[in-house]
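Biologist: Can you take me through this structure? I'd like to start with the strands and then get to the charged side chains.

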Amino acid sequence: MGRAFKRLERVLNLEAQQGYQNKAVVGGIRQFATFWVGQAREEAQDEADRALVEQVAEVLMEYGRLPGKEARQKALESLNNSLAARRKRVSEPAAAKPAPKKQPPPPRPEPKTQPKVEKRPEIEPEVERPLPEETVEDLPVVEAEPEKPVLKLEPPAEPDPEGLSQSVTVVKGIGPRVAEKLARLNAETVWELLYIFPRRYDDYTLMKPIKDLVYGEQVTIIGTIWETRARRTRTNQIVVQSIISDGTANIQATWFNQQWLVDKLKAGMQIVLSGKVDQYLGRLVFNSPEWEPLEIDPLRTRRIVPVYPLTEGLTAKKMRDVMSTAVNRWARHIPDPLPESIRQKLDFYALSQAVAEVHFPYDQDSLYHARKRIIFDELFLLQLGMQGQRHKWQAHPGIPLSVDGAALDQFKASLPYELTGAQKRVVGEFAADMSRDKPMNRLLQGDVGAGKTVVAAAAMVVAAKAGKQAALMAPTEILAEQHYAGLSKLLDPLGIETALLTGSTSAAEKAQIYADLASGKVQVAIGTHALIQEAVTFDNLALAVIDEQHRFGVDQRQALREKGAETAVGKPSPHLLVMSATPIPRTLALSLYGDLDLSVLDEMPPGRQEIKTRWLRHSERERAYSFIRGQIAQGRQAYIIYPLVEESDKIDAKAAVEEFERLQNEVFPDLKLGLIHGRLKSDEKETAMRAFYGGETHILVATSVIEVGVDVPNSTVMLIEGANRFGLAQLHQFRGRVGRGEYQSYCILISDAETAVAEERLQALEQTNDGFILAEKDLEIRGPGEFFGRRQSGLPELKLASLLDMEMLRMAQTEAAALFAADPMLARHENGQLRDAVAHFWEQAGDIS
């Protein structure tokens with residue numbers, strides 16, 4: 001009988017410690033009583049025990065209804081007195097009558113649900129400590145019959161775009177203060193609010209007791225925290241560990257570098273954990289699971305509960321309440337732009353139903369169908385927009401250029417090296433496109449050092465020798481200046497006039513360049529956004545080249561193209577070439593840039609050395625410094641990259657400004673260091689880069705601004721601090737800054753965190769120099785959103801869809817192509833809502849610089 005009563009005593013003690021709030025167990029004391037009484041009756045040894053069980057059950061069942069703390073305290077004190085009397089009664093006969101010597105006492109009865117775990121699973125063996133006995137058992141998993149969700153969606157009603165465009169304050173429960181918080185989540189209108197979708201779900205319909213968890217599965221559990229503590233690892237990381245139990249077993253949850261959780265995850269707190277079941281030293285654990293305090297209502301109704309993105313001052317419960325009100329009132333008024341024929345053919349939900357079910361799904365099946373409809377809509381609108389851009393661009397006649405083969409041969413002969421097979425192929429693609437009467441619309445992809453600039457120069461030669469002009473727009477002044485330096489060397493010997501136009505160009509120089517562009521004297525203009533300013537006019541622009549295209553928005557690309565001609569249909573448009581130094585897998589490139597033809601430089605120039613890459617622990621930093629000093633002694637130079645400009649209270653990472661001072665004064669006092677970061681003025685950046693390029697400084701301390709910088713052939717070491725804070729593609733770009741000369745070059749990565757994702761990323765960089773392989777890996781690890789940076793692709797933001805979902809992407813492409821073939825301008829009456837939806841969707845693409 002001891003087992004049931006021991007459990008009861010622990011619950012009563014915990015309830016007293018928590019101030020008699022009826023929260024000692026999940027679901028309340030009444031729920032505990034229904035679980036406990038059956039076990040206690042089975043273990044009752046005599047009539048006195050059976051009477052006590054019934055007395056306890058009666059008190060516990062009514063406990064939650066008792067008025068106030070004092071009444072509850074008296075009730076529990078009465079039970080504790082009865083339990084004390086029972087302990088005395090049971091112990092006295094045992095003392096009077098010792099057990100026979102020859103017969104050992106019977107084994108302690110073990111319930112079937114007794115967990116096998118007897119010790120706390122540890123993250124690191126040096127701190128192993130047995131789990132206190134009282135935490136092995138815990139409180140029951142609450143079982144309840146599933147009920148239908150609270151959402152009561154009316155049938156689709158008359159579309160009301162005006163109503164949906166109202167401020168969120170028309171939703172009951174949203175006042176000015178809540179509206180201000182929602183605005184931080186980019187929800188200012190009802191429509192925007194309805195499209196803040198849950199970031200995950202707690203599925204109470206599939207709850208599992210801890211004893212039944214299986215390694216590798218994604219689950220949601222509920223339980224009570226028995227202990228939370230923090231410790232430091234050998235590498236000085238803060239690890240927070242909680243023991244959570246649900247009455248069937250216990251499990252350890254671990255979080256890294258989040259010491260504030262110690263104050264949040266208090267013993268006795270009822271919690272919902274969601275995450276992947278991991279394993280450590282043979283024990284099941286959670287590593288960095290999502291968590292939130294338990295709400296009893298969804299537990300009782302066994303719903304799938306949405307978990308929304310939050311902001312300071314907006315609780316999960318308030319957000320759910322707000323969304324429930326908004327969905328019930330407004331979801332049925334959402335216009336459905338998808339043609340009915342497509343919806344029926346693909347057996348999709350109506351959009352109003354899909355939006356409602358994405359927020360408050362009845363079951364996993366309805367959630368799947370709701371997400372499928374919304375994902376299709378996003379990809380469908382994306383593809384329609386791209387096909388519209390291609391149609392619009394090709395509706396303008398191009399400028400057919402006569403390709404001067406002799407001039408191209410002269411250009412190739414002037415180069416100090418032979419073009420690769422890939423470069424020759426791509427130059428041929430450019431020449432063929434530019435000779436047609438349709439404007440070229442081409443994306444050039446190539447790894448770092450694959451020779452994109454020289455093939456772009458060949459296209460410029462074609463334009464200039466045909467009596468026309470070309471322009472190249474780069475995202476930064478440093479990159480524009482590098483292009484100007486390189487291209488002028490290639491083009492000046494051929495008698496082609498070049499000019500550089502940036503924000504730093506003096507007023508007098510600008511005036512002269514404007515005049516020379518308008519007269520046609522300047523044949524090739526290289527610059528930044530300054531090229532698309534209103535004051536700039538070209539005499540006859542036939543080729544627009546855009547470098548680092550993912551840093552420009554659709555509007556900026558369009559603005560440069562429109563410099564070539566009037567925008568009215570029938571006027572000629574310049575040929576367009578966009579270049580990307582971020583390798584993108586071919587299938588994804590076609591998805592992202594479906595309006596462009598694709599050229600790929602998949603062959604590196606001969607003699608290009610492989611950069612040796614090594615990943616070091618932060619404790620090995622001194623080794624890296626010694627290596628840099630050795631390289632400088634041989635006459636070489638080095639970069640040191642930091643993730644931040646200045647130290648931050650919110651981000652525990654090294655910063656360039658502070659580290660520059662430390663390196664110059666303490667580590668390399670006898671060497672000359674330079675500093676460059678995004679907050680410097682253009683002329684300050686220019687000075688720092690020129691000093692490094694000219695060999696005046698030995699080491700250049702920098703932030704990510706160096707990603708697209710001047711080539712310095714003498715630099716041989718790239719040291720990247722906080723390497724785990726950069727994406728693989730960006731790290732590969734940094735690495736490409738060295739190895740530009742004849743000397744063996746090196747990339748050293750130092751991580752300030754030891755997470756599995758960081759290790760996977762840095763190991764991949766160690767293993768290959770192939771940017772396309774790394775791009776695939778980066779997409780696999782981070783997904784397209786982070787791969788490009790937030791809205792860095794010049795594309796609309798996708799709420800649910802993934803560009804890696806090839807099945808849905810193909811479906812959207814097929815339906816978009818069929819619809820576009822029948823109604824390219826979406827001019828038919830039945831496609832009016834769809835035309836508006838495409839326009840609204842693509843408004844988000846915006847200017848990204």
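Modeller: Strand 9 and strand 14 (residues 575–580) pair in the parallel sense over 5 bridges. Two strands count as paired if DSSP finds at least two bridges between them. Helices (H or I, at least four residues) and strands (E, at least two) are DSSP runs, numbered from the N terminus. This is a predicted model, where local features need pLDDT of at least 70 and side-chain atom pairs count only at pLDDT 80 or more, while totals for chains, interfaces and linings use all residues. Residues are numbered from 1 along each chain as its sequence is written, and side-chain values use heavy atoms, with hydrogens and water left out.

Biologist: Which residue in strand 14 is the bridge partner of Arg442?

Modeller: Leu577 is the partner of Arg442 there. Strand 9 also runs parallel to strand 15 (residues 597–601), joined by 5 bridges. In strand 15, Val600 is the bridge partner of Gln445.

Biologist: How many residues of strand 9 are buried?

Modeller: 6 of the 6 residues in strand 9 (residues 441–446) are buried, so the strand is largely enclosed by the rest of the structure. Buried means under 20% relative accessible area, exposed over 50%, and partly exposed in between (1.4 Å probe, protein chains only).

Biologist: Which way do the residues of strand 9 point?

Modeller: Asn441, Leu443 and Gln445 point one way, and Arg442, Leu444 and Gly446 the other way. In a regular strand, side chains alternate between the two faces of the sheet.

Biologist: Now the charges. Which residues are linked with Arg442 in a network of salt bridges?

Modeller: Glu429, Asp433 and Arg436 are in the network with Arg442. A salt bridge here is a side-chain nitrogen of Lys or Arg within 4 Å of a carboxyl oxygen of Asp or Glu. That rule gives 21 salt bridges.

Biologist: What about Arg86, which residue does it form a salt bridge with?

Modeller: Arg86 forms one with Asp49, with the closest N and O atoms 3.0 Å apart. Arg86 is in helix 4 (residues 68–96) and Asp49 in helix 3 (residues 47–63), so the pair ties together parts that are 37 residues apart in sequence. Both Arg86 and Asp49 are buried.

Biologist: And Lys317 and Asp321, where do they lie?

Modeller: Both lie in helix 10 (residues 316–330), 4 residues apart, about one turn of the helix. Lys317 counts as partly exposed because its relative accessibility is 47%, and Asp321 counts as partly exposed at 39%.
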